[in-house]
Amino acid sequence: MELLEYQAKELFREVGIPVLPSQKIAEPRELKKLQIPYPVVLKSQVRVGGRGKAGGIRFVANTIDAIAAARTIFNLSILGEYPKFILAEAQFNAEQEFFLAVVLDYDLQCPVLLGSATGGMNIELLLENLQQVVVENDFSPFLARRLAVKMGLKSQLLQSVSDVIEKMYRLFQENDLELIEINPLGVNASGQLMALDGKITVNDYAWARHQELTALNSVTQVSEIPDSTQPQWFWHDDKGKVAIICNHPDLALLTWDLVFQNKGKPACCAVISDVNSALAAPHQLSQALAQLPDLKGLKVILINILTDQATEQALLQAIAEYLELVIEPQPKSTGEERQLVANGALVRSRPTSVNKSSVNRKPLASVKFVLRLLRPKLDWFPETEPEKQVYCADNLEEAVAQAISLVKSK
């Protein structure tokens, strides 16, 4: 089970990992008695990722702004989860941000130390610079220092980051954790370190051995469980041009970042169930497509889904059936529907059970689709003249470039 950020920071504080002064807020009026001087940052306490882009983190300069922001955050669903608490925390001017983690690697059957000299929300850059040290036998400070060296740190920063890694490993070992992560670990102009965010995953079988963790988690968060039959929407931008549909929040974060870094304008993002299901996934995709016409100015739908072959083929069929509703019907297709068979070929058959009544035809008629799938078969997709409406890319970078190119085209 994952702890919330404020719970993770309580553990950080116990072992001497530096954290900022903070206060847990259960309802907006408590901000009138805030013990931390302004400006502060308010953070939604949910277990899902993507808080910043969803609007769950806000900087405020006074009580009036803080109460207004808190009301917004308490009523903000992030992937279907509402916070029971928010965290009011002092601000910290970080000049550098690092990523540190200790994770139990089930393949190697031992802990692994992870570190990147580039932390924060840029996941792609973080992964490019990610270093690791495997703890094959007993842990020693030498391993922490070795990771810091691999991250390219020197002098005093090398020593202070090594100290944080040692304390993280102590927490990891003493509490039977599966993961402990600090992202970002901020460094200010004077070289002071600060854990600006924290994530801890406790082994489900370890709770009985650690009463202190049970007490820490006794005030559980009440949240709405996401409906697995519906796509989860987040990150709306009314001025955006590219809608993103993925099958995992991390994939959605990466795709959103790449579109933004390539000077594109993401409009919204939908995450369909991560479960491989040739029945559920196409239904969720159809639901997501049915809601897209509400977005004015949308030009491209970028679908980035990595799943098994059977689910992928079912998704392709759902897209093709949907396109037949918005594309002018071809004479030879009158009265017939397309059906994808097991080998990906297309045959004609009786109409399928797609819920056409849920789909709005007109708003998506001019929107292009860019697909990034593992095994796409596009030769059977219907085409509009003079332009194709569906494009396929072999990798995410190519898909993002194609989507942005289509946005700029007239």
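**Packing of helices on the sheet and on each other**

Helix H1 (residues 5-15) lies across S2, strand S3 (40-44) and S5, and runs at about 45 degrees to S5. The model is predicted: local features need pLDDT of at least 70, side-chain atom pairs count only at pLDDT 80 or more, and totals for chains, interfaces and linings use all residues. Residues are numbered from 1 along each chain as its sequence is written, and side-chain values use heavy atoms, with hydrogens and water left out. Helices (H or I, at least four residues) and strands (E, at least two) are DSSP runs, numbered from the N terminus. Angles run from 0 to 180 degrees between N-to-C directions, and axes are lines fitted to C-alpha atoms, for helices over the stretch in contact. Helix H3 (residues 63-74) also packs on the sheet, where it touches S2, S3, S4 and S5 (contact: heavy atoms within 4.5 Å); the direction of H3 makes about 170 degrees with that of S4.

The sheet is open and consists of 4 strands in the order S2-S5-S3-S4, with antiparallel pairing; two strands pair if DSSP finds at least two bridges between them. Strand S2 (22-25) and strand S4 (57-60) form the edges, each pairing on one side only. From one strand to the next, the twist averages 20 degrees. S2 is joined to strand S5 (residues 86-90) by 4 bridges, and Gln23 stands opposite Ala88 in S5.

The contact involves Leu254, Thr255, Leu258 and Val259 of H8 together with Leu396, Glu397, Val400 and Ile404 of H11.
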